[in-house]
Amino acid sequence: MVAGAVAFVGSGPGDADLLTVKAVKSLQQADVILFDRLVSAEILELAGDSAQLENVGKEGFGPQVSQEEICARLVAHAQAGLKVVRLKSGDPTIFGRLDEEVTACEQAGVAYQIVPGITAASAAVAGIGQSLTQRGRNTSVRFMTGHDMKGFADHDWAALARPGQVAAVYMGKKSARFVQGRLIMHGADRATPVTIVENASRSDQRVLETTLDRLPQDLAEAAFDGPALTLLGLAPRDSAAALYDLQMELA
């Protein structure tokens, strides 16, 4: 960490053990940490004793700290000579609005660095014993957002509806019925496997295995209230599902 500079740090999916060494060092050296709503408490506990913590979280369709205010705070703290950490959930480069904050630093002449983190898709797929790509099944994987600033996000539904496609949908709980409708309208098999992982990597992780046909109904019945990642085209491996069931019995 350098005084008067900003480090954009990925906090990963929530398990503190999955942080990079560089991320931990940044937290311990920071003078001020501006953190997202989904950053876990155990990760915030790694901050140095003298660090000032500022919650600048956003919630889709809910309470927000404006992006303009976040950018202004980053610049002001850095120009005051502080070591600033902008702590983002997952990886800063994936649906983290990183570019707007980097641009604000550049325009103000503030130095910055990016410290990557494990993204939710990687943690979620690991939790069900699968991989995002598989030889003979899919040669690409899509990272999608369920909604953007204008509402539900549109995508290349015709391509996604083809057999064997795999996609990771971020912020997809509220858009589940929209996604289902678009895919079915473009010819997707209603039996396509879908897995939703809530609180991926955390001690309270929950896994819902369903199909495209039953996605909105099963998701509503599961009543997930934590951050969830939707995996289109993937089901948990039997061994991973059995281990998850055992963990739930012992919890």
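This is a predicted model: local features need pLDDT of at least 70, side-chain atom pairs count only at pLDDT 80 or more; totals for chains, interfaces and linings use all residues.
Across the whole structure, a search returns 9 salt bridges. One of them brings together the side chains of Asp36 and Arg86, with a nitrogen-to-oxygen distance of 2.9 Å. This pair ties together distant parts of the chain, for Asp36 sits in the loop between strand S2 (32–35) and helix H2 (41–44), while Arg86 belongs to strand S4, 50 residues apart from its partner. Both partners are buried: the relative accessible area of Asp36 is 16%, and that of Arg86 is 2%. Because buried means under 20% relative accessible area, Asp36 falls within that class at 16%.

Strand S4 (residues 83–88) also holds Lys88. Is this lysine buried or exposed? Lys88 is buried, with a relative accessible area of 1%. Its surroundings can be followed residue by residue. Leaving aside residues up to four places away in sequence, Lys88 touches Phe8, Val9, Gly10, Ser11, Gly12, Asp36, Val39, Gly96, Arg97, Leu98 and Glu101.

Arg73 pairs with Glu69, their closest N and O atoms being 2.5 Å apart. These two residues are 4 residues apart in helix H3 (residues 67–79), so about one helical turn separates them. The geometry of helices accounts for such pairings: an α-helix has 3.6 residues a turn, so residues three or four places apart point the same way. Arg73 is partly exposed at 24% relative accessibility, and Glu69 is partly exposed as well, at 36%.

The other bridge joins the side chains of Arg190 and Asp213, again at 2.9 Å from N to O. Here the pair links distant parts of the chain, with Arg190 in the loop between H7 and strand S10 (193–198) and Asp213 in the loop between strand S11 (206–211) and H8, 23 residues apart. Arg190 has a relative accessible area of 45% and is partly exposed; Asp213, at 37%, is partly exposed too. Elsewhere, salt bridges with shared partners join Asp36, Arg86, Lys88 and Glu101 into one network.

Attention now turns to helix H7. After H7 comes Gly187, which has a positive phi near 95°.

Finally, the second largest pocket contains about 230 Å³ of space. Its lining comprises 19 residues, of which Leu160, Arg162, Gln165, Thr192 and Gly233 are the closest to the pocket centre. Sorted by class, the lining of this pocket has 12 nonpolar residues, 4 polar ones and 3 charged ones.

Note on methods. Residues are numbered from 1 along each chain as its sequence is written. Side-chain values use heavy atoms; hydrogens and water are left out. On a 1 Å grid over the protein atoms alone, a cavity is a set of points where a 1.4 Å probe fits but cannot get out, and a pocket is an open set with protein on both sides within 12 Å along at least five of seven lines; lining residues have an atom within 4 Å of a point. Grid points are joined across faces, edges and corners, and a volume is the space filled by probe spheres set on the points. Ala, Val, Leu, Ile, Met, Phe, Trp, Tyr, Cys and Pro count as nonpolar, Asp, Glu, Lys and Arg as charged, and the others, Gly among them, as polar. Buried means under 20% relative accessible area, exposed over 50%, partly exposed in between (1.4 Å probe, protein chains only). Contact means heavy atoms within 4.5 Å. A salt bridge is a side-chain nitrogen of Lys or Arg within 4 Å of a carboxyl oxygen of Asp or Glu.
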